[in-house]
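The following note sets out numbered remarks on the assembly shown below. Please read it alongside the coordinates.

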There are 2 protein chains.
Amino acid sequence: MANQTPPQAKINLKSLQQQGTQSLARLMLPLYRAFNAMAQEKYAQRGHAGLTTAHTLLFGNLDEEGTRIVSLAERMGTTKQFTGRLVHQLEEHGYIRTTPDPSDRRATIVTATPEGLHFFADACAVKDEIEGQFKAIAGEENIALLFTTLEKLASAFSAYESVGSAHPLGDDSEGT
Amino acid sequence: MANQTPPQAKINLKSLQQQGTQSLARLMLPLYRAFNAMAQEKYAQRGHAGLTTAHTLLFGNLDEEGTRIVSLAERMGTTKQFTGRLVHQLEEHGYIRTTPDPSDRRATIVTATPEGLHFFADACAVKDEIEGQFKAIAGEENIALLFTTLEKLASAFSAYESVGSAHPLGDDSEGT
DNA sequence: GGTTGATAGTCAACCAAGTTGTCTAATACA
DNA sequence: TGTATTAGACAACTTGGTTGACTATCAACC
C-alpha cells in the first residue's frame, strides 16, 4: 500500500533533486558530533580529558544523597549497561564514589565527590560557552526555538530512539 | 586560562542541575536516529531493504551523465572510502552502474539505473512523509526555521564535523 | 624515456556512542 | 522452599562513519 511510483515510469533525476536533497537528519549528526567534539576539547582544556557529555548528563541526574545505577539509566534514557560503564569511568577519575546499598545488596549507590562536582561545574560552563557560540551564529531566539522544537520532536519520537526497537506501525492490535 | 572554578569552592549540585542539564546535542542524536530508523523502515516497506539515508544522499548528488566517486564524496561531505562503500552496496542492489572513465583509467563513473531512480523517488517521498510528521508535531514554520538554523550551525561548525579533525582555535593566522 | 609527485580507488582497521544478549547474585513473593 | 524479578557486569554487535596504508594510473618535468 505504500508503493506509489511504478517501475515503468520514466523518472527525472534532476527534478527529484530540486526538491531538496538535504534532510533534517543529515544536518543533525554532524552537528551533534561537532558539539561533542568541542565539549570534549574544552573539558580537556580544563583538565578533564577522557570525559564526554554523557558523563556530564550522568551528573545532571545524580541526587545529593546518591543514586542507583538503574535509576540513573532510567533518568538518562540509556541502558543500565552503558550507565554502568560511565559510572566505572567516572570512578576511575575519582569523580564519583560507589557504595553498596545497605538496603539491597545487589544495588550500587553512586555519589559525587568534590572533584566530580568540580567537573560538573566546568561542564556546565562549557555547555554555556558552546551554546553562546551557537547563539552568536544563529541568534538567541532561534536557538531557543530550536531547543523547544527539538524537545517536542524528541519526545514525540521517543519510541524510535533506540536502534532496533519496536515498529509502532504494525503492532497496534494483538487481539485474537 | 580556562580554569575558572577553583577546586576549593563548595559546589552545589542542585543549583547546577537547575540551569538545565539537557543540551542541544543530547537532543539531536536520538532524533537523528529516530529519523533514520523511520526512513529505513519505510524504505523496506517499499522494497528497498538494506538502504539508508546515506544512499539517498548519494543519489541526490549524482549527475545524469554519471559522476566519479571522488566527486560524489566531495559533494556529500564524506570520505571517498565511505562513498566507495555506498557505491558498492547500491551496485549490488542494481541501483547504479559503474563504468571505467574512458579519459582516466583510475576513475569510476557512477550512473543511476532505472531501478535506482525508482528508489530515489521513493526515498524522496519517504523524506516528505517523515518531514510531514515533524511538521504535524512542531508546526510547519517551526520546522522550516529548524532547518535553516541547523544549516547555519552546520556550515559554521563544518570544521568540527570530522571526528579527529583540526582545532580551529589555534590556527588563526599562518604567518607572513 | 625515466623519475617524481599527485590523484582515484580499495582494503582493512578503528572510533564513538551507544545497543543487545547472556549471565550471576540478590531479593521478593507465595 | 521454589519461582519470578531485579541490579549489575561482561562481552559482542551496530551505525555511520573515519584514518591509514596500499595499488594503479596519470601528469609533468627534463
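1. The model is predicted: local features need pLDDT of at least 70, side-chain atom pairs count only at pLDDT 80 or more, and totals for chains, interfaces and linings use all residues. Residues are numbered from 1 along each chain as its sequence is written, while chains are lettered from A and ligands numbered from 1 in the order in which they are written.

2. In the interface, 67 residues of chain A are in contact with 67 residues of chain B (C-beta atoms, placed from the backbone, within 7 Å). Helix 2 of chain A gives the most to the side that touches chain B, with 17 residues (helices are DSSP runs of H or I, at least four residues, numbered from the N terminus). By class, that side of chain A has 38 nonpolar, 17 polar and twelve charged residues (Asp, Glu, Lys and Arg count as charged; Ala, Val, Leu, Ile, Met, Phe, Trp, Tyr, Cys and Pro as nonpolar; the others, Gly among them, as polar).

3. Since 100% of the interface residues of chain A are also interface residues in chain B, the copies meet through the same surface.

4. Around DNA strand C there are 25 residues, of which F82(A), R105(A), I69(B), G84(B) and A107(B) come nearest (C-beta atom, placed from the backbone, within 6 Å of the strand). Helix 5 of chain B supplies the largest share of this surface, three residues.

Note on methods:
Two residues are in contact if their C-beta atoms, placed from the backbone, lie within 7 Å. Helices (H or I, at least four residues) and strands (E, at least two) are DSSP runs, numbered from the N terminus.
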